[in-house]
Structures are given as C-alpha cells and as structure tokens.
Amino acid sequence: MSSVQLSGAGVAAVAFTNKGLASPPSALRVCSSRRSVRSLVVRAATVVTPKYTSLKPLGDRVLVKLGAAEEKTAGGILLPSTAQSKPQGGEVAAVGAGRTVGDKKIEVGIQIGAKVVYSKYAGTEVEFNDLKHLILKEDDIIGILESDDVKDMKPLNDRVLIKVAEAEDRTPGGLILTETTKEKPSIGTVVAVGPGPLDDEGKRQPLSVPSGSTVLYSKYAGIEFKGADGTGYIVLRASDVMAVLS
C-alpha cells in the first residue's frame, strides 16, 4: 500500500514513499485512501502562462500549493520521475469567497497559510508561477495539520479522527501472526471531531460521535495515517461510524 509522508513544518514538504518514514525525524505518514471520491486529478497539470499574475479560486474552492514529490526512497534509491508519487497535502495559497446556502453566505473556513491534507483524487492540478498547485473544493480537504503529528490534526466538516485499535498478534490458538496476516481492526477511539455538516439554512449540525468514545466503523472507509510514533489513525466521515461501543 502506498503512503504519503508529511514532514518538516507541517506539509510544506509532502511526498509519497513506498515504505516507512523518511529522513525528517518528526514525520507522519498518510496511507492511500480506500473510498471513492467525486472528482479526479488531471494528470498533466494545466500550465498558467506568465502573462497571468494572479489566480483567484471561485466559490468554495481552495488553491493549495503542493509539496515536492520525494526523489528518493527511504533506503536512498533515486526514483525516476515516472515513479515519484504525487503529494497529498500542501499549504493553502488562496481561497474563494464562499458559497450561499439558503439565504446565508458561508465563507470558506480555511485560512491562507494553513497546512492541509486533502482527498487523494480530488481537484485539478495547475502550474502557476513555476509551482504546482491544486484547485479543489473545501469539502475535499480532510483536515488541518496544527503540528507535525497526526494526533493533533483538526478534522473538517463531518469528518472524525480515530486512533485505530492495535491488531491481534496471535490467533485464538496461539499462532503468532505476521504484519501481513494480521486482520485490520475496524474499532478505534475518537480523538477529534469536525464541526459538523451544514444544514439547508447554513447552520452547523454538531456530530453525534463524542471525542473519547470507542467506535466501530466501516472497514473500507476513510484514509489511514501513521503518527510520528507509529500509532495508526484513520480519518473518515461520521456517517461511516456504525456504532459506539461501551
């Protein structure tokens, strides 16, 4: 499974790697998404010619400056450009004016300069001022990174950050399981929740999943992360949480 490495001062340098954590000491990984999304990245970036000096996203869209793709593997092997995976995070460079819900004007709730992580296949890639950017909808942004560790991520909208329970090391008969044969758990502890979705009047509807609760979630939902200490996390929509356990 491919992964995304978020390192340095948040997501300023974001790259995919094939294994583990790379050089920066306080790195965190983001595993590939397991759910379908609404839009696909344009593989060849649209180049904005130098005669245009500004790029202003419209509506609830956000312009994100991408980090550089990793040029080496964790073991130091140089990767050809065709084997370098695209980043999945970056820094917000500009935001639209927002959208109208009912009679209420809703501004984009993400500030310029914020370090964000977004859905893997969201948005349209553009090259502007010799730098790669992504234009995507605000709802395609998973969360805001407030530190280098995923445990401090602030999920957005109706998303939930969950600390994944550890997989069993042995079978009921005592057989030791390898990493590849361990069954991936679908149980975890809620670390943080988003502010909730907007209703038809533009008001936030708080999520019913409280922080600190142990939950059962859909097995194939969300995007997986690895924290700086190797702890597993997942971010998914609240609708993918099936039950609260007690």
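Which residue stands opposite Gly-232 in β18? The residue opposite Gly-232 is Lys-226.

## Basis of the report

This is a predicted model, in which local features need pLDDT of at least 70 and side-chain atom pairs count only at pLDDT 80 or more, while totals for chains, interfaces and linings use all residues. Residues are numbered from 1 along each chain as its sequence is written, and side-chain values use heavy atoms, with hydrogens and water left out.

Strands are DSSP runs (E, at least two residues), numbered from the N terminus.

Two strands are said to pair if DSSP finds at least two bridges between them. Strand β14 (residues 159-164) pairs with β18 in the antiparallel sense over 5 bridges, and Lys-163 stands opposite Tyr-233 in β18. Strand β17 (residues 223-226) also pairs with β18 in the antiparallel sense, over 4 bridges. The hairpin of β17 and β18 has 5 residues between the strands, and Gly-230 in this hairpin takes a positive phi near 90°.

## Strand β10 and its surroundings

Strand β10 pairs with β4 in the parallel sense over 2 bridges; Thr-46 has Val-126 in β10 as its bridge partner. With β11, strand β10 pairs in the antiparallel sense over 5 bridges, and Thr-124 stands opposite Ile-135 in β11. In the hairpin of β10 and β11, which has 2 residues between the strands, Asn-129 takes a positive phi near 55°.

Ala-122 lies in the loop between β9 (115-118) and β10 (124-128). Ala-122 counts as buried because its relative accessible area is 0%. The C-alpha atoms of Ala-122 and Asp-140 are 6.3 Å apart in space, with the two residues 18 apart in sequence.

## Salt bridges

Side chains of opposite charge can pair when their charged atoms come close. A salt bridge is defined here as a side-chain nitrogen of Lys or Arg within 4 Å of a carboxyl oxygen of Asp or Glu. The whole structure holds 7 salt bridges. One of them joins the side chains of Asp-60 and Lys-137 at 3.4 Å, N to O. This pair links distant parts of the chain, 77 residues apart: Asp-60 is in the loop between β4 (46-47) and β5 (61-66), and Lys-137 is in strand β11 (residues 131-137). Asp-60 counts as buried at 12% relative accessibility, whereas Lys-137 counts as partly exposed at 31%.

A further salt bridge brings together Asp-139 and Arg-237 at 2.9 Å, N to O. The two residues are 98 residues apart and belong to distant parts of the chain, with Asp-139 in the loop between β11 and β12 (141-144) and Arg-237 in strand β18. Asp-139 is partly exposed, with a relative accessible area of 25%, while Arg-237 counts as buried at 18% relative accessibility. The side chains of Glu-201 and Lys-203 also meet in a salt bridge, at 3.8 Å, N to O. Glu-201 is exposed at 51% relative accessibility, and Lys-203 is partly exposed at 47%. Salt bridges that share partners join Asp-60, Arg-99 and Lys-137 into one network.

Key: Buried < 20%, exposed > 50% of the residue type's maximum accessible area, 1.4 Å probe, protein only.
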